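Work through the following exercises with the sequence and the model beside you. Try each task before you read its solution.

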Amino acid sequence: MREEEIEKLRGVVRDCVSKHLYSSAIFFADKVAAFTSDPADIYMQAQALFLGRHFRRAFHLLNASHVVLRDLRFRYLAAKCLEELKEWDQCLQMLGDAKLDEHGNVSDTKDRSVMYLDKDAQDHEINISAAICFLRGRAYEALENRAQACQWYIAAVKADPLCYEALDRLIENHMLTCSEESSLLSSLQFSPEDGWLSSFYTCLIKKQDKENVVEAMFDDVEKENACSPSSDSSFNGTLKNNTDLLACKAEYYHQCGEYQKCFELTSLLLEKDPFHLKCTLVHLAAAMELGQSNELYIMACNLVKDHPQKPLSWFAVGCYYYCIRKYDQSRRYFSKATSLEGTFLSSWIGQGNAYAALEEGDQAMLAYRTAARLFPGCHLPTLYIGMEYMRTHSFKLAEQFFLQAQTICSSDPLVYNELGVVAYHMKEYKKAVRWFEKTLANIPASMNATWEPTIVNLAHAYRKLKIYPEAIKYYEKALNLSTKSLSTYSGLAYTYHLKGDYSAAITNYHKALWLKPDDQFCTEMLTLALAEESRCDPDSIPGLIS
């Protein structure tokens, strides 16, 4: 056949692929390869077979080619076929031997003659080395060698920052600590036109910073234009309403404890893109915190109908049952989600929490420890292990796990709050004050009712240290956030009582009893305060507030 006829057939193959007519693509690609025996045409045939899900046949074709070990495209596609066939050891063998230096750079130990013979390569394509590193990471992760998988994912992102899948695996699987994520991001070499991508990646990982810092990062990304100011492109859109960016912002609101803002944003996003699963997970978490059982029920029904094979669907069912306090049914559905996907962190945490609510401590610990092993970069499983130890009054063990959680994520205020609580229980009140103050210093957003218990705990600690003015100050701060807390009014009343200000004590005991009339402590202390006030010199008694 003439060259122009062959080229026409190649165009037919490409068109069939673009129209997802894979059987047609396989048919014509086979004829082109038979006419030419050109490696590029053999590769095109293998590509068509791969897209048509004929993985074993595609691998045989590539493996029979004399260039499979010399052309990285052939080697990579052959390894991709083995990935689809779940033959992970053979996949690693096909990719060849390689090692990483201390900086995460790849060094081949053999096959120095390897070439990349892609005639149609584009200037802005993703580096083939990055794709190979990512595939190595996938293979090691499937073989449960998560340490090696993490190293190869890092190598993939370093080889080419455009390899988003590798960064996504590192973040979603919590393979790195907060400091390691920041260090990785700072080491990436972005091209000048990819400045927007650097800002976007920053938003993905830095969700524990102060509110003004994070909001500024989001503003920078939202204002990024589709092109540089010096270019003459007609594209003038921005990422302000981009679904991925808004989902990232919603996740930040959730981590800050701004559950209502998070819920409102995810609700808007799901109206725009109902099948955005990452946003759906954040939406479920916010609905859980707000006690939105009706919303959870509707979401669970829709997810099970649309995605019965996805763990997220059964996780949503578990969330609904947990929200209505049916913990036994809840943990069954969380368990079903983990059976579908063993690396679904939220389900492991949910399963542990359900067992803890049922006071089945051993089973809760098993779920938390599994999560801690699978997700070494996530501090939450370790934090929950500490909480479970604290529930059983093993305070020293609890403190050890809280400190371990702090080393993984040093910016989460909840960790410092739990350290303060355990120090308070061990009667180390000065240490408790220090931890509670550090909690308040690390709150990323503005103070809200979520942190009212921390302020009350700090006031309690100051009261134990007999520093009554500071205790009173923090009790009053807590009342500015919530006026319906029995412990705040009773603590404030008791502090005034200890200070000898019986009038103020009596007033606050009354306020506490208005919230809970049968509270034994406040009833007894009110009686005592009234008796002590009556014994005082009438001229020195301050006027009671009516």
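A residue is called buried when its relative accessible area is under 20%, exposed when it is over 50%, and partly exposed in between, using a 1.4 Å probe and protein chains only. The model is predicted, so local features need pLDDT of at least 70 and side-chain atom pairs count only at pLDDT 80 or more, while totals for chains, interfaces and linings use all residues. Residues are numbered from 1 along each chain as its sequence is written, and side-chain values use heavy atoms, with hydrogens and water left out.

**Exercise 1. Carry out the analysis for Lys86, stating where it lies and what its phi is.**

Solution. Lys86 is found in the loop between helix H5 (72-84) and helix H6 (88-95). Its relative accessible area is 56%, and therefore Lys86 is exposed. Its phi is near 60 degrees, which is a positive value in a residue other than glycine.

**Exercise 2. Classify Thr488 by its accessibility and list its contacts.**

Solution. First locate Thr488, which lies in helix H27 (residues 486-499). Its relative accessibility is 0%, so Thr488 counts as buried. Then turn to contacts, meaning heavy atoms within 4.5 Å: once neighbours within four places in sequence are left aside, Thr488 touches Glu452, Val456, Tyr475, Ala478 and Leu479.

**Exercise 3. Describe how helix H17 packs against helix H18.**

Solution. Two packed helices are described by the angle between their axes and the distance between the axes. Axes are lines fitted to C-alpha atoms, for helices over the stretch in contact, and angles run from 0 to 180 degrees between N-to-C directions. The axes of H17 (residues 311-323) and H18 (residues 327-340) come within 8 Å and cross at roughly 165 degrees. H17 is therefore roughly antiparallel to H18, since angles under 35 degrees count as roughly parallel, over 145 as roughly antiparallel, 65 to 115 as roughly perpendicular and the rest as oblique. Among the residues that make the contact are Trp314 and Tyr321 of H17 and Tyr333 of H18.

**Exercise 4. Find the aromatic cluster that contains Trp314, and classify the pair formed by Tyr252 and Tyr253.**

Solution. Rings of Phe, Tyr and Trp (its six-membered ring) pair if their centres lie within 6.5 Å, and planes under 30 degrees apart count as stacked, over 60 as edge-to-face and the rest as tilted. The structure holds 20 aromatic pairs. In one of them, Tyr252 and Tyr253 are 6.0 Å apart, centre to centre, with 45 degrees between their planes, and the pair is tilted. Tyr252 and Tyr253 are both buried. As for the cluster, Trp314 belongs to it together with Tyr297, Tyr320, Tyr321 and Tyr333.

Note on methods
Helix = DSSP H or I, 4+ residues; strand = E, 2+ residues; numbered from the N terminus.
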